[in-house]
Amino acid sequence: MLLPWNGLAMGESDLNFVSGKVKPITVCIVGPESSGKTTILGVFYLLLGRGALTTNANPFSNSYTLAGWEAVATCLRWKPGQPPRFPPHTPSGAARAPGMLHLGFRREDGSLRDLLFADAPGEWFQKWAINEQAPDAEGARWIARHADVTLLIADRQALASSKMGTARNDFQLLAQRAVAEARGRRLALVWTKGDVDVAPAMETQIRKAVASVSSSVPEFTVSVYSRGEVDAAHGFRELFAWILCTKRAVVDLPTTEASAHDPLFRFGRR
């Protein structure tokens, strides 16, 4: 049987198939290279496979990109004689839109909620932060236009390294761009590699970089390593639960007085 999808990550031309009934929630992870963006996606998928990501109120329903998810998560699995590794660097190439990974969930009322996760290379965002109209930042501009949820990544390992000053400046520049493009849409600050300690003064500067959009931007900390008594999966579950509760803004139509019983002429005749 020929199917309208092949299981791989979707391109821009495939989105009409997913959006045929209801426009999905598009989740974009914005951060520099090697900051843990693809690892977040891989962990989401592995936890979902174990039944440890969502509650019974939002059970998993389907995915059109299972092969794409497998490609992201395969490095994080234990294999005989080989420990788990982090996913390889997402190549930038010449693509004008990111690869999209799909997940569908069933709501309590029986309806479906579709999520699309954008897997984008960090080079796009670094060039976009410096020059919004850079020719090779088209993918980042696509994300800025279509994102319903933006996860702004703060790499704790980079912010605690010998190049912490450069990492801080790069984050502040990227945060300024991302916050401006969010335009009131949902945005969260996500600390990756949460097992690494960062100076309190550095944390304060990172928070100030996103405070211009709101003083109550939610924060999440994730790590593939346990932190004391905190389960490593806990931060990922909290983050995904926040993503899953995203709702689209409703449209309020103006109230009118019908001039006739025919609904086609509700707003009057010429």
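Here are some notes on the predicted model above, point by point.

1. Ground rules. This is a predicted model, so local features need pLDDT of at least 70 and side-chain atom pairs count only at pLDDT 80 or more, while totals for chains, interfaces and linings use all residues. Residues are numbered from 1 along each chain as its sequence is written, and side-chain values use heavy atoms, with hydrogens and water left out.

2. Confidence. The average pLDDT (the predictor's confidence in each residue, from 0 to 100) is 85, and 87% of the residues score at least 70. Strand β7 (residues 219–221) has the highest confidence at 95, and helix α1 (residues 15–18) the lowest at a mean of 80.

3. Overall make-up. You'll find nine helices and seven strands; these are DSSP runs numbered from the N terminus, with helices being H or I of at least four residues and strands E of at least two. Of the 270 residues, 43% count as buried (under 20% relative accessible area; exposed is over 50%, partly exposed in between, with a 1.4 Å probe and protein chains only). Taking contacts (heavy atoms within 4.5 Å) between residues at least 6 apart in sequence, 73% join residues at least 24 apart.

4. The cores. A nonpolar core here is a set of buried Ala, Val, Leu, Ile, Met, Phe, Trp, Tyr and Cys residues joined through side-chain atoms within 4.5 Å. The largest has 40 residues, and Phe125, Leu152, Leu159, Phe171 and Leu189 have the most contacts inside it. Helix α7 (residues 164–182) gives the largest share of this core, seven residues. Apart from it lies another core of 36 residues, including Ile25, Phe105, Phe117 and Ile153.

5. Leu152 up close. Leaving out residues up to four places away in sequence, Leu152 touches Val30, Phe171, Leu174, Ala175, Ala178, Ala188, Leu189, Val190 and Val210.

6. The cavity. (On a 1 Å grid over the protein atoms alone, a cavity is a set of points where a 1.4 Å probe fits but cannot get out, and lining residues have an atom within 4 Å of a point; points are joined across faces, edges and corners, and the volume is the space filled by probe spheres set on them.) Among the lining residues are Val30, Phe125, Trp128, Thr150, Glu181 and Arg185. Helices α4 (122–130), α5 (138–146) and α7 each supply at least two of the lining residues. The lining divides into nine nonpolar, one polar and two charged (Ala, Val, Leu, Ile, Met, Phe, Trp, Tyr, Cys and Pro are nonpolar, Asp, Glu, Lys and Arg charged, the others, Gly among them, polar).

7. Two positive phi values. Arg183, in the loop between α7 and β6 (186–192), has phi near 50° without being a glycine. Arg183 counts as exposed because its relative accessibility is 61%. Lys193, also not a glycine, has a phi of about 55° and sits in the loop between β6 and α8 (200–210). With a relative accessible area of 22%, Lys193 is partly exposed.

8. Glu203, in helix α8, is buried at 16% relative accessibility and touches Arg156, Trp191 and Val198, not counting residues up to four places away in sequence. Leu48, in helix α2 (residues 37–49), is buried at 13%. Leu48 and Phe60 are twelve residues apart in sequence and 7.9 Å apart C-alpha to C-alpha.

Notes:
On a 1 Å grid over the protein atoms alone, a cavity is a set of points where a 1.4 Å probe fits but cannot get out, and a pocket is an open set with protein on both sides within 12 Å along at least five of seven lines; lining residues have an atom within 4 Å of a point.
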